[in-house]
Amino acid sequence: MSSILQNTPVAKVLDALYEDAEQRRAQVADQPDAFNPTGTALERFTALKDQYMPIDRPFGNLLYALIRSARPATVVEFGMSFGISTIYLAAALKDNGKGRVVTTEFIAEKADNARQNFDKAGLADWIEVRVGDATQTLQQPLPGPVDLLMLDGDKAMYIDILKLLEPSMQPGSLVASDNTDQPGAATYLEHVRDPANGYITSALLTTGGSKHQSGHELSVKL
């Protein structure tokens, strides 16, 4: 069985995006005052509107594998940025032959760039982009029950997004969250790690990629 992650337009788009992400990250590293970690989530993400903030390849491969195995019909993503993570999600759905990604992004300019990336990868038909505050845009009807939720936006909002979508989740629904080793995710982690809230969960660490290692949480709803 082949994968469109290998030797295809999808692979070429991912390679180009990761290369561009590295170049932009290096530019910010040379400008220590380019990002102010204080302020609202919108202010912080607007300050980084030209930065990718991508998932690393090992986590992208894990997301791809989860979708190929679980075969979800509806995947929801919180935090699209320039669309690298979305490409992994949609590539798995396309290889499965079914499903749809509903993805969200605060910044309209980033969403426009991501749509161009989806077109180049040949995945646009598998993706619905919702622009704005995800706590608002995800209140709009979804294609079906949430089979897999990917959390990769503002860490302090993870718990809000999860609670918003929990009524749309069924037993067996998966929640994959990125950068849970970073500040802001504590309330979310307390929620999924409390057995009373109906999850089996595990902390994961992937190695490799530009960040060398990344912390995640993978949870299944009971």
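Author: Let's begin with a definition: rings of Phe, Tyr and Trp pair if their centres lie within 6.5 Å, and planes over 60 degrees apart count as edge-to-face. Keep in mind that we are reading a predicted model.

Reader: Thanks! How is such a pair described, and how many aromatic pairs does a search of the whole structure find?

Author: A pair of aromatic rings is described by the distance of the centres and the angle of the planes. Here, searching the whole structure gives two aromatic pairs. One of them joins Phe78 and Tyr158, with 6.3 Å centre to centre and 80° between the planes, an edge-to-face arrangement.

Reader: Which parts does the pair of Phe78 and Tyr158 tie together?

Author: Phe78 belongs to strand β1 (residues 74–78) and Tyr158 to helix α7 (residues 158–165), so this pair links parts that are 80 residues apart in sequence.

Reader: Is Phe78 buried or exposed?

Author: Buried means under 20% relative accessible area. Phe78 has 6% relative accessibility, so it counts as buried. Tyr158 is buried too, at 0%.

Reader: And what about the rings of Tyr158 and Tyr188?

Author: Their centres are 5.5 Å apart and their planes stand at 85°, so this pair is edge-to-face. Tyr188 sits in helix α8 (residues 186–193) and Tyr158 in helix α7, so the contact ties together parts that are 30 residues apart in sequence. Both Tyr158 and Tyr188 are buried. Put together, Phe78, Tyr158 and Tyr188 make up one aromatic cluster.

Reader: Which residue lies over the face of Tyr199?

Author: That is Lys221, at 5.3 Å from the ring centre of Tyr199.

Reader: Which residues line the largest cavity?

Author: The lining consists of Phe59, Leu62, Leu63, Leu66, Ala176, Ser177, Leu204, His216, Glu217 and Leu218. The elements giving two or more residues to this lining are α3 (57–70), β5 (169–178) and β7 (213–221).

Reader: Where does the largest share of that lining come from?

Author: From α3, which supplies four residues.

Reader: And how many residues of the lining are nonpolar, polar and charged?

Author: The lining of the largest cavity divides into seven nonpolar residues, two polar and one charged.

Key. Residues are numbered from 1 along each chain as its sequence is written. This is a predicted model: local features need pLDDT of at least 70, side-chain atom pairs count only at pLDDT 80 or more; totals for chains, interfaces and linings use all residues. Side-chain values use heavy atoms; hydrogens and water are left out. On a 1 Å grid over the protein atoms alone, a cavity is a set of points where a 1.4 Å probe fits but cannot get out, and a pocket is an open set with protein on both sides within 12 Å along at least five of seven lines; lining residues have an atom within 4 Å of a point. Ala, Val, Leu, Ile, Met, Phe, Trp, Tyr, Cys and Pro count as nonpolar, Asp, Glu, Lys and Arg as charged, and the others, Gly among them, as polar. Rings of Phe, Tyr and Trp (its six-membered ring) pair if their centres lie within 6.5 Å; planes under 30 degrees apart count as stacked, over 60 as edge-to-face and the rest as tilted. Buried means under 20% relative accessible area, exposed over 50%, partly exposed in between (1.4 Å probe, protein chains only). A charge sits over a ring if NZ of Lys or CZ of Arg is within 6 Å of the ring centre and within 35 degrees of the ring normal.
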